[in-house]
Structure formats: C-alpha cells, structure tokens
Amino acid sequence: MVIEGSNDNIEWDIIDENRECEYLNNPFATHLFKISNDIEISYQFIRLRQVGPNFKGVHNLKFKQ
C-alpha cells in the first residue's frame, strides 16, 4: 500500500509505502504504521492506494466501519 498526498488532486507525492505487510494478513486485522517520511508538508487530499495483490492473491482492499 502507498499513502499519497496532494494539494491539487492531480499530482500526488508518496508519503509512505508498505509492501508485503504480514500484520494485515487476517480478517479484522488492524495495525498502526509510523510514517517513515520526515518531510513536514501539509496536504489537502490523502489517498491510500493498493499497489499489488493481497495475501489471497487478489486486488481487494476492504474497510469496515
């Protein structure tokens, strides 16, 4: 997964990236990630983008409220 920030919703900066994270490899999993980018930029828009298949080999990312 990649976390990106933008101020115009057109160009996006990568804020942080995690690949093959086993912490999320089960239903109802939660995990707190520390952002490794120390650049202190404020963004108007934040998005989370899945960049590969999950541990089941599919491109699904689910959120539950």
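Strands, as the term is used here, are DSSP runs of E with at least two residues, numbered from the N terminus. In this predicted model, strands E1 and E2 form a hairpin, in which six residues lie between the two strands. Within the turn of this hairpin, asparagine 9 has a positive phi of about 65°.

The secondary structure of the protein comes to three strands and zero helices, and the order of the elements, read from the N terminus, is β-β-β. When the extent of the protein is taken along the principal axes, its C-alpha atoms fill a box of roughly 35 × 25 × 20 Å.

The three strands make up an open sheet, whose order is E2-E1-E3 and whose pairing is antiparallel. Strand E2, which covers residues 13–17, and strand E3, which covers residues 45–49, are the edge strands of this sheet, and each of them pairs on one side only. Neighbouring strands of the sheet are turned against each other by 25° on average, if direction is ignored. Strand E1, comprising residues 2–6, runs antiparallel to E2 and is joined to E2 by four bridges. The bridge partners can be given residue by residue for two positions: valine 2 has glutamate 17 in E2 as its bridge partner, while the partner of glutamate 4 in E2 is isoleucine 14.

Contacts that involve aromatic rings were then examined. A pair of aromatic rings is described by two quantities, namely the distance of the centres and the angle of the planes. In this structure, however, zero aromatic pairs are found.

The empty space around the atoms was considered last. Such space is shown by rolling a probe the size of a water molecule over the atoms. The largest pocket holds about 1,300 Å³ of space, and its lining consists of 32 residues, with Met1, Leu24, Asn60, Leu61 and Lys62 lying nearest the centre of the pocket. The elements that contribute two or more residues to this lining are E1 and E2, the two strands that also form the hairpin. By residue class, the lining of the largest pocket divides into 16 nonpolar, nine polar and seven charged residues.

Methods. Residues are numbered from 1 along each chain as its sequence is written. This is a predicted model: local features need pLDDT of at least 70, side-chain atom pairs count only at pLDDT 80 or more; totals for chains, interfaces and linings use all residues. Side-chain values use heavy atoms; hydrogens and water are left out. Two strands pair if DSSP finds at least two bridges between them. Axes are lines fitted to C-alpha atoms, for helices over the stretch in contact, and angles run from 0 to 180 degrees between N-to-C directions. Rings of Phe, Tyr and Trp (its six-membered ring) pair if their centres lie within 6.5 Å; planes under 30 degrees apart count as stacked, over 60 as edge-to-face and the rest as tilted. On a 1 Å grid over the protein atoms alone, a cavity is a set of points where a 1.4 Å probe fits but cannot get out, and a pocket is an open set with protein on both sides within 12 Å along at least five of seven lines; lining residues have an atom within 4 Å of a point. Grid points are joined across faces, edges and corners, and a volume is the space filled by probe spheres set on the points. Ala, Val, Leu, Ile, Met, Phe, Trp, Tyr, Cys and Pro count as nonpolar, Asp, Glu, Lys and Arg as charged, and the others, Gly among them, as polar.
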